[in-house]
Amino acid sequence: MELHTGHHLIYQLFGMNVNMDTLYMTWLTAAIVIIITLAATRGRSLVPSGIQNAVEIVVEALLAQFKETLGPKWGQVVSVLLTMFLFILVGNELGLLPSPHILTSPTNDLNTTLGLALVSSFMVHFVALRNQGLKKHIKHYFQPFAVFFVINLLEEFTKPITLAFRLFGNILAGEILMEVLYKLVPVGVPIIWLIFSLVIGLIQAFIFTILTTSYLADSLREE
Amino acid sequence: MVDINFTLVIQFINFFVLVAILAKFAYKPILKVLEDRKNKIASDLSSAEEARLSAEKLKADYEAQLQKAHAEAQATVDKAVKQADKEAQAQLDAIRSQIAREKEIAQAEIANEREAAIREMRNEVVTLSMAVAEKLLKKNMDTDMNQKLVAECLKQFDGQQPAGKKS
């Protein structure tokens, strides 16, 4: 049995391999996110309705989490975190649309999820340097004791790797199972898995965003 | 299926481009609307609280005024009742003193009358005694003698009068 999911359309760019299908889906996802959020801001009325209301509910729920976790400096990273959630959510659900071999999730490619995880790591260091300075940022690797340096350093690698593989594994596995189910039992059963996958897509987007938020919380902390 | 290539770098850049676009065109207005709404709700709540407080103050003022009006009305009524009492008492006193005065006058008149009656009776008695004595003595006395006798008799009578007054 030949599975389509997980195979990429590879092009050469500057002598390096690029998964073009992933990039196409990334741009499509980005376009959808932009269209939705712009549509939500078009009205800008104080009493929201329609898509403005829907987006505001999501944004407000996330903002509540960010504010609680990040404290007063949440504004510095709110754009990155909101984009992370919306991009991953839309990307995850995009692969569930019934369009065999055309639409896939950009998040079923490790390059995408690792890219997002590196964004998370980059932001952690960037924000820490900006708010606490180089000295303090380096010092925190040796806390609470100098011995912890190894563990702290290891964490810098495990954090993005776990973020990337958790999302990648969930989405890829979901799409593979979906494809397998369609081939085995075309009627009924895939629908159940589809509903399940919708929820998984939401949960994974939320987990990725919230974990990044908690990593960023250390970088934004005062003292 | 799992191979890391240049896509990773492109995705990294892609994401920040998306962040830049959304931050400029979407998040700013969304966050502004949320902030505006929050401020509006806060100001609405505070103005509602202010309105409630001023209404309460107004109510307290009205109640105080009502209380004052009640007290004033009560004071007026009390004053009127007191005044009426005072006037009635004054009239009563005037009547009482009037009665007392009239009683005094009546008593004085009665006393005068009695005095007059006693005097008359005394004269009568004297005259009668004289006549009785004249008859008894069968002797005509001269005027001097007569006068003397009368005076004596009167003297005697005056001496007896307290006993006679008592009866």
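Trainee: About 60 Å³ of space lies in the second largest cavity. What makes this space a cavity?

Mentor: In this predicted model, a space counts as a cavity when a 1.4 Å probe fits but cannot get out. The second largest cavity holds about 60 Å³ of such space, and its lining is formed by S120(A), S121(A), V124(A), H125(A), E155(A), E156(A), K159(A), P160(A), L163(A) and Y215(A).

Trainee: Which elements give two or more residues to that lining?

Mentor: They are α4 (110–139) and α5 of chain A. With five residues, α5(A) gives the most to the second largest cavity.

Trainee: How do you know how many residues of the lining of the second largest cavity are charged?

Mentor: Asp, Glu, Lys and Arg count as charged. E155(A), E156(A) and K159(A) therefore make up the three charged residues. The rest of this lining divides into four nonpolar and three polar residues.

Trainee: How many cavities of 30 Å³ or more does a search of the whole structure find?

Mentor: The search finds three. In the largest cavity there is about 80 Å³ of space. Around it sit N92(A), L96(A), S105(A), N170(A), I171(A), G174(A), E175(A), S197(A), I200(A) and G201(A).

Trainee: How do you know which element supplies the largest share of that lining?

Mentor: α5 spans 149–184 in chain A, and N170(A), I171(A), G174(A) and E175(A) fall in that stretch. These are the four residues that give α5(A) the largest share. α6 of chain A also supplies at least two residues.

Trainee: Let's turn to the helices. Why are α5(A) and α6(A) called roughly antiparallel?

Mentor: Their axes cross at roughly 175 degrees and come within 10 Å. Angles over 145 degrees count as roughly antiparallel, and α5(A) and α6(A) are therefore roughly antiparallel to each other. Their contact includes K159(A), R166(A), L167(A) and N170(A) of α5(A), and W193(A), S197(A), I200(A) and Y215(A) of α6(A). The residues of this contact divide into 15 nonpolar, five polar and two charged.

Trainee: Why are α2(A) and α6(A) called roughly parallel?

Mentor: Helix α2 (residues 50–70) of chain A and helix α6 (residues 189–220) of chain A have axes that cross at roughly 30 degrees and come within 9 Å. Angles under 35 degrees count as roughly parallel, and α2(A) and α6(A) are therefore roughly parallel to each other. Their crossing is right-handed. On the α2(A) side the contact is made by L62(A), Q65(A), F66(A), T69(A) and L70(A), and its α6(A) side includes F206(A), I210(A) and L220(A).

Trainee: How many charged residues are in the contact of α2(A) with α6(A)?

Mentor: None are charged; the contact residues divide into eight nonpolar and five polar.

Trainee: At what angle do α4(A) and α5(A) pack?

Mentor: The angle is about 145 degrees, and the axes are 8 Å apart. α4(A) passes α5(A) in a right-handed crossing. Among the residues that meet are S120(A), S121(A) and H125(A) in α4(A), and E156(A), P160(A) and L163(A) in α5(A). These six residues also line the second largest cavity. The contact as a whole divides into ten nonpolar, four polar and one charged.

Terms used
Residues numbered from 1 in each chain as written. Chains lettered and ligands numbered in written order. Predicted model: local features only at pLDDT ≥ 70, side-chain atom pairs only at ≥ 80, totals over all residues. Heavy atoms only, no water. Axes fitted to C-alpha atoms, helices over the stretch in contact; angles between N-to-C directions. Parallel < 35°, antiparallel > 145°, perpendicular 65-115°, else oblique. Left-handed = near helix turned anticlockwise from the far one by under 90°. Contact = heavy atoms within 4.5 Å. 1 Å grid on protein atoms, 1.4 Å probe; cavity = no way out; pocket = protein on both sides within 12 Å on 5 of 7 lines; lining within 4 Å. Points joined across faces, edges and corners; volume = space filled by probe spheres on them.
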